[in-house]
Amino acid sequence: MSPRAAGSAGTPSSGNQTYGTLAFVESPVQLLNVLEWAHLNAVQEPEPGAGLTAVASEPGGGLGGGLTLVVLSPTDPMTRGQLRRMAELARNEGYEVRWEEARGGTAAPFQTIGGLAGALRRARRIVMGDPFSRYVQLLLTITKARDLVVVDDGTATMEFVGQLARGERLVRWHRRGGRPGPRDVLFAPVSASARRRLTPSEARQVEIFSSMPISSPPEGVRVTVNDFSWTRARFGPPRVTKGADLVGTSLVETGVVDLDRYVDAVTSLAKTHGATRYFAHRRESTEKLHRLAVETGLEIVRPDLPLELIARRGPIGRTILSFPSTVVHTLPLALAGTDVRVAVCDIDPTWLTQNASPRAQGFLSGVTGTARDVTRLQAVTGVA
């Protein structure tokens with residue numbers, strides 16, 4: 001086994017190790033997109049059974065010095081499970097994975113940051129999946145890396161690019177507008193520092209690796225298209241069934257969409273299009289999923305990997321129904337060359353909760369309107 005493949009969950013790397021590229025991920029999708037970025041940047045493929053031995057061909061290209069993935073593990077069991085499966089795939093590709101129990105108690109953040117400080121100072125390149133993460137923003141204040149790469153964390157990437165271009169403070173799109181809270185004020189200097197570090201300069205290169213539509217990137221930011229070539233090369237093509245599958249969303253859990261409206265919409269979509277399976281989002285609550293199963297008759301599926309990989313492995317329905325979300329951009333790329341149709345249903349403004357951010361409707365409409373190679377459905381009518 002390659003030395004870089006030897007890292008395992010819960011086993012820190014040597015304190016004297018030199019890092020070429022250090023990648024921080026907090027979700028399965030972020031880890032998948034780091035693998036896609038690494039696949040694109042690898043200039044030398046491994047021999048069968050060997051670790052990946054990519055070298056740098058020019059500044060900003062290749063993986064000179066190797067890639068180490070650092071998982072800042074969340075506490076949610078579903079997310080942790082998917083992250084462990086993705087970590088296995090990363091090790092199979094020859095990469096080292098360093099698993100950090102970053103939220104395992106009051107002292108965990110201090111132990112994690114302290115343990116990573118040396119690696120951060122030695123890394124030539126930092127790859128991150130969530131620039132909105134306070135954890136990541138704090139780590140950015142330590143690193144001296146000249147190359148920074150942001151890989152997709154879903155549709156939030158679109159909001160990040162816009163805020164960076166406008167020089168705004170970094171805040172997630174679903175957060176309610178208004179004055180920042182006490183924690184926001186306390187963390188403001190760190191967030192401002194992270195935003196400055198994510199702004200290109202003579203001393204720093206910034207790349208965004210994305211499958212999202214980015215029409216006006218900030219000046220000096222290099223945008224690289226993620227076409228899911230690693231996913232297509234490693235999985236599938238899938239067996240395509242005659243039926244339809246429905247993709248769940250966490251819009252209820254984030255306080256954007258009313259639960260009753262959402263259940264009614266799912267019921268109507270399933271009946272209209274003959275859907276039989278519901279692929280749950282990893283953040284959807286058990287209570288909500290139980291209600292959906294009882295009221296819609298759908299088979300609830302809890303995926304053990306990101307949906308792009310599940311769909312590519314198959315079997316998958318000939319039609320995939322979704323509300324505005326990341327998958328309306330990623331699934332057409334992952335399933336390119338198959339007969340699968342992705343259809344997206346708009347969110348009716350009446351479904352939004354009173355606590356939804358004023359930006360919610362416009363953002364969700366933009367997610368749907370900019371999606372390529374999808375069928376656009378009108379918001380479900382007749383919802384009680």
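What is the order of the 7 strands in the open sheet? I read it as β3-β2-β1-β4-β5-β6-β7, with parallel pairing. The edge strands, β3 (96-100) and β7 (222-225), each pair on one side only. On average, neighbouring strands of this sheet are turned by 20° against each other, direction ignored. I took two strands as paired if DSSP finds at least two bridges between them. Helices (H or I, at least four residues) and strands (E, at least two) are DSSP runs, numbered from the N terminus.

On sources, I note that this is a predicted model, where local features need pLDDT of at least 70, side-chain atom pairs count only at pLDDT 80 or more, and totals for chains, interfaces and linings use all residues. Residues are numbered from 1 along each chain as its sequence is written, and side-chain values use heavy atoms, leaving out hydrogens and water.

Next I looked at one strand pair. β5 (residues 147-151) and β6 (residues 205-210) pair in the parallel sense over 5 bridges. D147 has Q205 in β6 as its bridge partner.

Then I checked F132. It sits in the loop between β4 (125-128) and α4 (134-140). Is F132 buried or exposed? F132 counts as buried because its relative accessibility is 7%; buried means under 20% relative accessible area, exposed over 50%, partly exposed in between (1.4 Å probe, protein chains only). R195 is 63 residues from F132 in sequence, yet their C-alpha atoms are 9.6 Å apart.

Last, I noted the whole chain. The protein chain has 12 helices and 13 strands. Of its 384 residues, 55% are buried.

Conventions. Axes fitted to C-alpha atoms, helices over the stretch in contact; angles between N-to-C directions.
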